[in-house]
Amino acid sequence: MQRTTIILSVIAVILGAGCAALGYLWYTQNEEYKEYRADAERTEASLSAELTSTALALDDANTQITRLSGTLDETSDELREEKDRNDEFKDQINKIAGTVGDLDKLSKTDKELLQKYSKVYFLNEHYVPESLREIDDEWKYSEDRQHQLHSKVIPFFENMLEDAKDDGINLWVVSAYRSFEYQSQLKGAYTVTYGSGANTFSADQGFSEHQLGTTVDFTTNGLGGGLQGFGNTPAYEWLTKNAHKYGFVLSYPEDNSHYIFEPWHWRFVGTELADDMHDDGTHFYDEPQREIDQYLLHIFD
């Protein structure tokens, strides 16, 4: 009995010690858990604070980005408006420069070149074109004759005759520039021969388009160097269809109020005016002078 008691006492001691150990183990584990949990809570709180701070920072950044975007849009609008103003100013400068250039160009262009001289305007005895050049012998009916044209008309004139020749049409000059004095002598000779009838086909000195140096009289095959019959030739037909392309117009068509029909007499007025008259079916002396004057700036363009 006593032995059993001793054994039970030992077992009780052992159980007590085990429970104490388990209790101690539970205590220590629980304390570590509490510390771990406390650390976790602190870490969570810290991370939460950092996330909150980061979120606030992002909100501030977004606000700044939105503000900067608005500022950038305003700046872009201002830059665009400024560019538009600069472009407009540039256009104004270009227009002014163009106007100044046009005025300078116009001031250097002979004002007489598009005037109506046949019984309308008068060229005095001192007028001579600014620059005359001898026509190449190839384009003269008589190579020993002197025929001159305004130097700036020559390129248009030569292109026209070369293209006509390519089309099988021969055009030769029998008269070009005439001075005031020469026109006076010519008109005097015609008057002696034809009397007052000379006024129907020959201008008085100072009223002849030939004095401008921009006008030529043509002959062609089969006329022996003459003018009569030119209106019935392929050369005249070619000129009526093509001369405007080179700036030349027929001054005295049929039924004009100045002189007899002169199909051989062609005057340079510039391609722009010649084209417009050809398209409209009008003639030089049908046009108001104020409208003709508008073409002077580009007569040699």
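Tutor: A salt bridge is a side-chain nitrogen of Lys or Arg within 4 Å of a carboxyl oxygen of Asp or Glu. This is a predicted model, and a search of the whole structure finds nine salt bridges.

Student: What makes E158 and R133 a salt bridge?

Tutor: The closest N and O atoms of E158 and R133 are 3.4 Å apart. The cut-off is 4 Å, so the pair of E158 and R133 qualifies as a salt bridge. The two residues belong to distant parts of the chain: E158 is in helix α2 and R133 in strand β1, 25 residues apart.

Student: What about K241 and E237?

Tutor: The closest N and O atoms of K241 and E237 are 3.3 Å apart, so this pair is also within 4 Å and is a salt bridge. K241 and E237 are four residues apart in helix α4, which means that about one helical turn separates them. E237 is partly exposed, with a relative accessible area of 43%.

Student: Why is D110 said to have no salt bridge?

Tutor: The nearest side chain of opposite charge is that of K111, 7.2 Å away. A salt bridge needs a distance within 4 Å, so D110 has none, although D110 is buried. D110 is found in the loop between α1 (2–107) and β1 (132–134). A polar atom of the D110 side chain lies 2.9 Å from the backbone nitrogen of E112. Not counting residues up to four places away in sequence, D110 touches Y127 and L296.

Student: What makes the pair N242 and K245 a polar contact?

Tutor: The two side chains are 2.8 Å apart at this contact. The limit for a pair of N or O atoms is 3.5 Å, so the value of 2.8 Å falls within it. N242 lies in helix α4. At 13% relative accessible area, N242 is under 20% and is therefore buried.

Student: How do you know that D255 is exposed?

Tutor: Exposed means over 50% relative accessible area. D255 has 82%, so D255 is exposed. D255 is found in the loop between β5 and β6. Its phi is near 65°, a positive value in a residue other than glycine.

Student: Why is S184 called partly exposed?

Tutor: S184 has a relative accessible area of 30%, which lies between 20% and 50%, so S184 is partly exposed. S184 is in helix α3 (residues 180–194). The C-alpha atoms of S184 and D204 are separated by 6.6 Å, while the two residues are 20 residues apart along the chain.

Student: What makes a group of residues a nonpolar core?

Tutor: The members are buried nonpolar residues, from a set that includes Val, Leu and Phe, joined through side-chain atoms within 4.5 Å. The largest nonpolar core here has 47 residues, of which F157, F218 and F248 touch the most other members. The elements that each supply at least two residues of this core include α2 (154–166), β4 (215–219) and α5 (271–280). The largest share of the core, six residues, comes from α2.

Student: Which residues is F157 in contact with, leaving aside its neighbours within four places in sequence?

Tutor: They are I135, W139, L149, V173, V216, F218 and F248.

Student: How much of the whole protein counts as buried?

Tutor: Of the 301 residues, 33% count as buried. The protein has six helices and six strands.

How values were computed:
Residues numbered from 1 in each chain as written. Predicted model: local features only at pLDDT ≥ 70, side-chain atom pairs only at ≥ 80, totals over all residues. Heavy atoms only, no water. Buried < 20%, exposed > 50% of the residue type's maximum accessible area, 1.4 Å probe, protein only. Lys, Arg positive; Asp, Glu negative; His and termini not counted. Polar contact = N/O pair within 3.5 Å; in protein donor to acceptor, adjacent residues only side chain to side chain. Contact = heavy atoms within 4.5 Å.
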